[in-house]
Amino acid sequence: MPELPEVETTRRGIAPHITGRRIEKLAVHDRRLRWPVSRALPEWAQGQTIQAVRRRAKYLVIQLERGYLLLHLGMSGSLLILPESTALDTHDHFDMVLDSRWTMRFNDPRRFGSLHHGKGTPDTHPLLRNLAPEPLGQEFDSDYLYDVTRKRRVAIKQLIMNSALVVGVGNIYASEALFRAKIRPGRAARSLTRMECMALVRSIRFVLTMAIRHGGTTLRNYVGAGGEPGHFRQRLYVYERAGQPCRTCGTKIKQRTQGQRSTYFCPKCQV
Ligand SMILES: [Zn+2]
């Protein structure tokens, strides 16, 4: 599933190809996504110039002259920049044909992705309006984490994965950040000291930044046929490494189930 670094990688991959380009045609081949694509959207988007591509949580915000498009990759969505004449494939949902004669094509086998449009500022869209702070933004700092952990008995890993408190910290990056911060994933959130909150915020930022730098972990190709795979998997310390030696101390990495998700930690490095 694309997580924040994969979405940011996608954004960086598509932005140079679509920014400044005019939408010649938005062709919807299959409206069935998480929400059906509005029938009014293609005509509304046609002829508008793309001004910028931003990201909020795991949404891509494509800024147009008279509003914006809001795109979510869901569980299995991917974007490809292709020559306009490229034959359609199964699960291709829409094409955004540009005045460069290239098209941005969205493919989504599991159909949990979405495409919306809106006028005015994207921040007021119902899907974005109530989103928690960005993990790489200024609002998410050690004071913030310390405050939100005070009265919560929930495990710290579940807390940092709670998108009502901070957006876009998925299972892989939560596990890795907790390893770097030397905190066991099952610890009660409120047991964290101020120093530990500081270390955890720093680790979350570091892990996400590194993952973005290496093109994400899970995403395969996002641009053109020769799209580069994500290289971050080779740099994971604990995620999906159960039974293997800790890269720091050599102790076997443990796996537990926590909130229906697998979690991984080093019983020696993390307390
Ligand atoms: Zn260790």
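A salt bridge is a side-chain nitrogen of Lys or Arg within 4 Å of a carboxyl oxygen of Asp or Glu. The model is predicted: local features need pLDDT of at least 70, side-chain atom pairs count only at pLDDT 80 or more, and totals for chains, interfaces and linings use all residues. Residues are numbered from 1 along each chain as its sequence is written, and side-chain values use heavy atoms, with hydrogens and water left out.

**View A. E84 pairs with R101 in a salt bridge.** Their closest N and O atoms are 2.8 Å apart. E84 lies in the loop between strand 5 (78–83) and strand 6 (92–98), and R101 in the loop between strand 6 and strand 7 (102–107), so the pair ties together parts 17 residues apart in sequence. Strands are DSSP runs of E, at least two residues; helices are runs of H or I, at least four; both are numbered from the N terminus.

**View B. E134 forms a salt bridge with R55.** The closest N and O atoms are 2.9 Å apart. E134 sits in the loop between strand 8 (114–118) and helix 3 (142–149), R55 in strand 2 (residues 52–56), 79 residues apart. Both E134 and R55 are buried (under 20% relative accessible area; exposed is over 50%, partly exposed in between; 1.4 Å probe, protein chains only). A network of salt bridges links E8, R11, R12, R55, R56 and E134.

**View C. Cysteines C246, C249, C266 and C269 hold the zinc ion through their SG atoms.** These donors lie 2.3 to 2.4 Å from the zinc ion (donors are N, O and S atoms within 2.8 Å of the metal, or 3.2 Å for Na, K and Ca; water is not among the atoms, so sites may look incomplete). Along the chain their spacing is C-x2-C-x16-C-x2-C.
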